[in-house]
Amino acid sequence: MRSRAVCRKTNLRFTSCAMSSSFTATQIVAAAYRAVLLREADSGGLQDAASQLDEHLSIDQFFYGLLNSPEFKSRLPLFCSHYRLNEERKEDTSQSNLLDAVSSGGSAEVIHNFIMNHSAWRGLDVLAQAGDPVVVLGDLQVYRCSLEADRVALTHRGVWVHGIKEGEEFTVVVDAAATPIHVDVHTYGYSGNLLVFGPGCAMRGDFRFGGSGNMAYCSGRAGQDQAYRVALYTSSSAFVFGAESTSVGTYFHIEGPDRYIIVGRDCMLSAETYVAATDNHAILDKDTGEVLNPPEDILIGPHAWIGFGATVLKGADVGQDAVIAARALLTKSAPPGALLAGSPARVIRERVTWDRAFPSVLQMHKAGEPQP
């Protein structure tokens, strides 16, 4: 592939010879801004970058010169490929049509199908591996947050949606068995996102949707509060907090299109835990500009326990019944039924499981002593 970036300017549109794709001048300048100044290969940020540039027209000449720099020319093909892939996704309207059906007050079956067939799963049976954490919804209410009346109604369910802009579609579904306590949702002006509070959900926390086409499904253990925060700084990503699971203070961070974090069925996440499917910022090969640390998925299998202050990083799968000890740093997969500790975490015992009861209670039960 040739790295020649810009061949000609015609009617305020630049044409890339290398990719045979056309862009507006604003998009090209925005791409330069992301590639060279922010060093991000992310087509989803073009619109925001363009808005920033429109507010600083005095630097136009600088960016037009930048277009001819060797560094930008070498990176433009990567941007073209990202942009073209994004446009191809837009042509596949099956998922967007299904979301339209959800937004229009779709049935529980329609919403369940949207969750189960989200593009982030990439055709993989990852939800089954997590113990089928998504429960079919029962009696539900669909809120279209573009409507002020629906946003007001949501506050009575404990959900506050911030940042809705004109023309933006953001859909919230609340099951009758869900009892959100206080949840703040920040949309940043993006459309086509879905947030579902399923049965057993009784949470406090916040969600940040920094892209379009994202989906978050939140269930939990009925009668027990869940506390966590979720940041989806991407597009077409998915988050699932499984049925019967609990958290007392976890921060989940997803970045990168079609990526996911899944907390399986009946998991327990302790306070001050951090689960990140990204390193947040790019590490690049200085010679080629290649991104060396792309985002990866995280799957926490059924009945796993993440201990106090533990960190689970991108690409780590936590097996069923696994226990990650307090303050551990997990950078690779944890085998099922294993106890891992340390930084980086390593297996210190195998063939374990765990129980939500206090150790002393189980000891007395085993010894046949009366329980307090």
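Here is a short tour, grouped by topic.

This is a predicted model, in which local features need pLDDT of at least 70, side-chain atom pairs count only at pLDDT 80 or more, and totals for chains, interfaces and linings use all residues. Residues are numbered from 1 along each chain as its sequence is written, and side-chain values use heavy atoms, with hydrogens and water left out.

**Aromatic rings**

- Rings of Phe, Tyr and Trp (its six-membered ring) pair if their centres lie within 6.5 Å, with planes under 30 degrees apart called stacked, over 60 edge-to-face and the rest tilted; the count here comes to 11 aromatic pairs.
- One of them is the tilted pair of Y228 and F239, at 5.9 Å centre to centre with 50° between the planes.
- That pair links distant parts of the chain, 11 residues apart: Y228 sits in strand β11 (residues 226-232) and F239 in strand β12 (residues 238-241). Strands here (E, at least two residues) are DSSP runs, numbered from the N terminus.
- Both Y228 and F239 are buried, meaning under 20% relative accessible area with a 1.4 Å probe, protein chains only.
- Y228 also makes an edge-to-face pair with F252, at 5.7 Å centre to centre and 85° between the planes.
- Because Y228 lies in strand β11 and F252 in strand β13 (residues 246-254), this pair ties together parts that are 24 residues apart in sequence.
- Zooming out, ring pairs link F170, F197, F207, F209, Y228, F239, F241 and F252 into a cluster.

**Strand β10 and its partners**

- From strand β10 (residues 215-218), M215 and Y217 point one way and A216 and C218 the other way, and all are buried.
- Strands pair if DSSP finds at least two bridges between them; β8 (residues 193-197) and β10 run parallel, joined by 4 bridges.
- L195 has A216 in β10 as its bridge partner.
- β10 and β12 also run parallel, with 4 bridges joining them, and C218 has F241 in β12 as its bridge partner.

**Nonpolar cores**

- A nonpolar core is a set of buried Ala, Val, Leu, Ile, Met, Phe, Trp, Tyr and Cys residues joined through side-chain atoms within 4.5 Å; the largest has 48 residues, and L195, F197, F207, F239 and F252 have the most contacts inside it.
- Next comes a second, separate core of 22 residues, with I111, F114, V142 and Y260 among them.

Notes:
Buried means under 20% relative accessible area, exposed over 50%, partly exposed in between (1.4 Å probe, protein chains only).
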